[in-house]
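Welcome, and take a moment to look over the model below. We will walk through it together, starting from a single pair of side chains and moving out to the place where the chains meet.

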Number of protein chains: 2
Amino acid sequence: MFMEKPEKVNKLYIFILLLATTAALVAACNSSKSSTGTINIQQQGSFAVGGTVLTNPGTFDPIKHGAFNPTNQPAEGQTLHGDHAYVFYQVPEKARKLPLVFWHGHGQSARTWETTPDGREGFQNIFLRRRFPVYLLDQPRRGRAARSTKPITIAATPDEQLWFGIFRLGAYPNFYPGVQFSKQPEALNQFFRQMVPNTGPYDAQLNIDAVSGLFTKIGPGILVTHSQSGGPGWRTALKNNNVKAIVAFEPGGDYVFPQGEAPDSIKVSGRIIIPPTVPLAEFRKLTKIPIIIYYGDNIPDKPSPIPGQEQWRAFMEVAKKFREVVNKHGGDVTLVHLPAIGIKGNTHFPMSDLNNLEIANHLAVFLKGKNLD
Amino acid sequence: MFMEKPEKVNKLYIFILLLATTAALVAACNSSKSSTGTINIQQQGSFAVGGTVLTNPGTFDPIKHGAFNPTNQPAEGQTLHGDHAYVFYQVPEKARKLPLVFWHGHGQSARTWETTPDGREGFQNIFLRRRFPVYLLDQPRRGRAARSTKPITIAATPDEQLWFGIFRLGAYPNFYPGVQFSKQPEALNQFFRQMVPNTGPYDAQLNIDAVSGLFTKIGPGILVTHSQSGGPGWRTALKNNNVKAIVAFEPGGDYVFPQGEAPDSIKVSGRIIIPPTVPLAEFRKLTKIPIIIYYGDNIPDKPSPIPGQEQWRAFMEVAKKFREVVNKHGGDVTLVHLPAIGIKGNTHFPMSDLNNLEIANHLAVFLKGKNLD
């Protein structure tokens with residue numbers, strides 16, 4: 001008997017060691033699931049998609065025309081590849097089936113979805129940690145997709161106080177009370193510096209073509225739009241059946257409607273917006289996919305003299321009409337006005353606001369409920 | 001005795017199981033070291049660094065000036081944050097001490113270091129797998145750092161056959177024999193689409209200031225320049241002691257020299273380049289850090305009528321002089337003309353050429369030899 005006792009102790013010891021080693025190593029490997037641990041990336045990379053080619057008449061001569069001349073470049077027989085989108089993608093380990101395709105808004109790039117202005121993780125990392133493949137795009141004529149087939153003059157006009165208002169941080173110089181934006185000056189510095197100009201004339205159809213090309217390349221996915229990309233986002237789903245759901249953060253007023261069912265033109269702050277219409281048969285595509293639309297705080301119920309609030313009030317009115325029309329035809333639109341469900345203070349950028357994890361959680365519950373995760 | 005046998009077998013079995021489990025899990029965790037496995041990212045994100053602020057006179061009124069007017073935006077009392085760099089960073093697990101800071105060339109963005117035109121991994125992934133933290137920047141007035149404090153007109157002039165030559169893929173329409181560039185048409189399509197225009201006038205000092213600001217923010221690191229960023233790269237190291245080494249891929253002719261020791265002005269394809277000079281005491285900073293300079297293939301020994309070859313011949317002559325002067329003053333410059341060490345066919349983009357892993361291996365050996373890894 002006394003011989004067996006050490007044997008049993010050894011066996012128990014080895015067994016405990018085995019368990020502990022396994023547990024520790026499994027924990028180390030699984031750390032990507034925590035909110036601060038490692039993100040395990042199976043694949044990442046970038047590419048251009050879509051676009052066109054300009055070709056100049058004449059013949060290029062590599063000796064006669066081959067020297068760089070910054071002031072007067074001969075263009076005989078030369079080409080320009082432009083109007084494509086730029087895409088950076090990351091696929092995490094044990095990835096979910098449907099990727100999230102993130103499409104930025106006016107004056108922005110894929111930067112919108114990266115680190116927040118106050119230095120926390122944005123939707124890129126948050127959804128990688130939840131095992132979604134992510135595709136972050138710069139639309140044609142913006143950011144790293146800046147080569148345009150049409151010329152433009154960029155005026156360098158100071159305009160940030162305008163955007164402070166339209167992006168609903170406040171009515172400059174005052175922040176709205178309780179707004180979900182850091183009061184550290186560096187946050188506002190980073191926020192302003194994430195803006196980028198158009199490097200060619202804005203062209204919604206060209207953007208739709210490039211993003212549809214992306215869905216053709218990558219297959220089924222969930223399109224996440226923001227602001228200016230909202231309108232072309234609806235039309236991308238009409239064009240490409242690989243768009244399996246749309247998540248729209250504060251889209252503009254250019255919702256798509258069936259012919260004869262559009263609201264009147266929207267007059268907002270001196271501009272007139274006429275929602276585009278399509279035949280009902282085409283429109284029905286939007287009734288086949290789950291759609292969720294988010295609007296944040298400080299959007300009034302009644303017309304406001306503050307243009308930075310008024311345009312979103314007008315656009316949210318169109319959103320209500322869009323929900324009504326899509327759902328009447330058998331669709332599945334959820335419209336979330338965040339303060340109405342108790343989530344207060346959001347700006348035009350819920351994906352990078354101080355409570356962006358709460359927004360991500362809300363979205364994750366929606367995706368799960370629609371079997372999109 | 002017969003009682004003890006199963007005990008021993010169990011013990012052995014458990015021991016083997018323990019070893020096997022440990023080995024398997026360690027292997028799984030370490031897969032980031034292979035060239036195709038998971039990359040384990042401890043941190044990733046983006047930020048703006050450097051730049052200035054334009055402020056317009058007057059007072060902004062959020063009601064009177066708060067509506068978006070795409071054709072005539074009032075600028076009273078408004079600001080523009082511009083001229084910063086944009087930086088995306090990734091820190092792998094068990095990271096080496098010194099990060100690599102990748103700075104692109106003319107007409108490019110950080111895209112240069114990502115996926116190659118033919119779809120393989122670029123230096124971003126290759127050096128992440130070797131456990132270097134990587135910082136990929138878009139310099140001021142380029143890509144995602146496009147907001148400029150000075151206006152510009154972008155002409156959309158077709159010019160790609162020029163770049164085909166200057167980037168030494170060949171003399172258009174012919175590729176150079178044995179060139180390390182894929183002949184698949186999609187590779188050339190992707191290559192052309194990675195170009196981006198200046199979104200403000202090119203300003204080397206402004207770029208130096210932003211990249212120096214980056215080194216102040218992140219601490220010691222290795223600066224990797226390409227082409228146009230070569231010149232400002234030298235001057236960034238003069239400005240910021242956190243630049244602990246420089247890796248320069250095909251820098252232009254604007255090497256820095258001590259006063260009185262510069263070569264004559266360089267006349268290349270109708271342009272005249274005068275290398276900048278600094279006092280010797282300042283120049284000596286460049287003698288304190290390891291420097292490696294790479295040039296690829298199809299750079300002739302003697303003057304060539306082909307401008308796309310001739311400019312690199314002239315610039316490599318300056319490189320030789322730079323090596324001589326720095327090393328004479330006690331420095332450590334290694335100049336690698338790749339064909340001279342048997343690595344043939346490289347274009348102006350060795351970091352994304354077909355043999356980019358061979359180039360990365362060469363660089364890794366250099367970094368190890370200088371205790372920089």
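A:R96 and A:D373 form a salt bridge, with their closest N and O atoms 3.7 Å apart; the term means a side-chain nitrogen of Lys or Arg within 4 Å of a carboxyl oxygen of Asp or Glu. This pair links distant parts of the chain, 277 residues apart: A:R96 sits in the loop between β4 (85-92) and β5 (100-103) of chain A, and A:D373 in the segment after α9 (356-369) of chain A. Helices (H or I, at least four residues) and strands (E, at least two) are DSSP runs, numbered from the N terminus. A:R96 counts as partly exposed, at 22% relative accessibility, and A:D373 does too, at 33%. Here buried means under 20% relative accessible area, exposed over 50%, and partly exposed in between (1.4 Å probe, protein chains only).

A word on how to read all this: the model is predicted, local features need pLDDT of at least 70, and side-chain atom pairs count only at pLDDT 80 or more, while totals for chains, interfaces and linings use all residues. Residues are numbered from 1 along each chain as its sequence is written, chains are lettered from A and ligands numbered from 1 in the order in which they are written, and side-chain values use heavy atoms, with hydrogens and water left out.

Now step back to chain A as a whole. Its secondary structure comes to nine helices and 17 strands, and 61% of its 373 residues count as buried.

Next, the meeting of the two chains. In contact (heavy atoms within 4.5 Å) are 97 residues of chain B and 98 residues of chain A. In chain B, the residues that lose the most area to chain A are B:F68, B:R144 and B:R193, together 11% of what that side buries. B:R144 also belongs to a network of salt bridges with A:E114 and A:D138.

In one of them, the side chains of B:R147 and A:D159 meet at 3.0 Å, N to O. Both residues, B:R147 and A:D159, are buried. Another salt bridge joins B:D159 to A:R147, again with the closest N and O atoms 3.0 Å apart.

Terms used: Buried area = accessible area lost by both parts, 1.4 Å probe.
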